[in-house]
Amino acid sequence: MPLSGGFMNIEYLKAVAETGNLDAQYQLGCIYADGEIVKRNYLEAMKWWGSSAIQGHIGSHFKLGEIYHFGLGIDSVDYEKAIKLYLIPATNGMAQACYNIGNCYTHLDDFYQASIWYTVAYSLGGDSNPG
C-alpha cells in the first residue's frame with residue numbers, strides 16, 4: 001500500500017527527501033508528526049518541514065506554524081513565531097492559516113489584529129470556528 005503522495009515505503013521516501021524533493025520532505029515530516037508509521041518525533045518532523053519550507057513549500061510553513069502555535073514537541077508555545085510561519089500560507093489564500101493567525105493574536109490579547117485575520121479567513125471560505 002502506498003504512503004501518502006504515492007511513495008511506496010518510508011526508506012524510499014526518506015531517500016527521495018534527502019535529494020531535496022519538497023513533497024517527499026513534507027510527507028516525511030507529516031509521517032513523523034503523525035506517529036502511525038514511525039514513532040512520533042516532532043523534532044524530526046520539524047527538520048523535514050524546515051527543509052521544504054526553506055525551498056518555499058507552503059504546507060510546510062503551515063505545519064511549522066502549528067508546532068509553535070500549539071507547542072507540539074517543544075517546551076512552550078511561541079505565538080509570534082507561529083504568526084510569522086503562518087503568514088506564507090495565509091498570503092497564498094489558505095483560510096485555515098488566516099484563522100490560526102487570528103487565534104494567535106487572540107492569545108496575545110491583540111483583538112484588533114485577531115478580528116482582521118478572522119474576517120480574512122471567513123472571506124476565504126474558512127469556518128469561523130473550525131474546532
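Me: Contact here means heavy atoms within 4.5 Å. This is a predicted model, where local features need pLDDT of at least 70 and side-chain atom pairs count only at pLDDT 80 or more, while totals for chains, interfaces and linings use all residues. Residues are numbered from 1 along each chain as its sequence is written, and side-chain values use heavy atoms, with hydrogens and water left out. So, what share of the contacts in the chain with a separation of 6 or more comes from residues 24 or more positions apart?

Reply: Start with what the chain is built from: seven helices and zero strands, taking DSSP runs of H or I with at least four residues as helices and of E with at least two as strands, numbered from the N terminus. Among contacts with a separation of 6 or more, the part from residues 24 or more positions apart is 37%.

Me: How much of the chain counts as buried?

Reply: Buried means under 20% relative accessible area, exposed over 50% and partly exposed in between, with a 1.4 Å probe and protein chains only. Of the 131 residues, the buried share is 44%.

Me: How do α2 and α3 run relative to each other, roughly parallel or roughly antiparallel?

Reply: Helix α2 (residues 22-34) packs on helix α3 (residues 42-54) with axes 8 Å apart and an angle of about 165 degrees. Axes are lines fitted to C-alpha atoms, for helices over the stretch in contact, and angles run from 0 to 180 degrees between N-to-C directions. Under 35 degrees is roughly parallel, over 145 roughly antiparallel, 65 to 115 roughly perpendicular, and the rest oblique. The pair is therefore roughly antiparallel.

Me: Which residues of α3 does α2 meet?

Reply: On the α2 side you'll find Leu22, Gln25, Tyr26, Leu28, Gly29, Cys30, Tyr32 and Ala33. They meet Tyr42, Glu44, Ala45, Trp48, Trp49, Ser51 and Ser52.

Me: And how many residues of that contact are nonpolar?

Reply: Ala, Val, Leu, Ile, Met, Phe, Trp, Tyr, Cys and Pro count as nonpolar, Asp, Glu, Lys and Arg as charged, and the others, Gly among them, as polar. In the contact of α2 with α3, four are polar, one is charged, and the nonpolar number 10.

Me: Is Asp109 buried or exposed?

Reply: Asp109 sits in the loop between α6 (95-107) and α7 (111-123). Its phi is near 60 degrees, a positive value in a residue other than glycine. Most residues other than glycine have a negative phi. With 57% relative accessibility, Asp109 counts as exposed.

Me: Which residues does Asn103 touch, not counting those up to four places away in sequence?

Reply: Asn103 is in helix α6. Asn103 has a relative accessible area of 19%, so it is buried. Beyond four places in sequence, Asn103 touches His69 and Tyr118.
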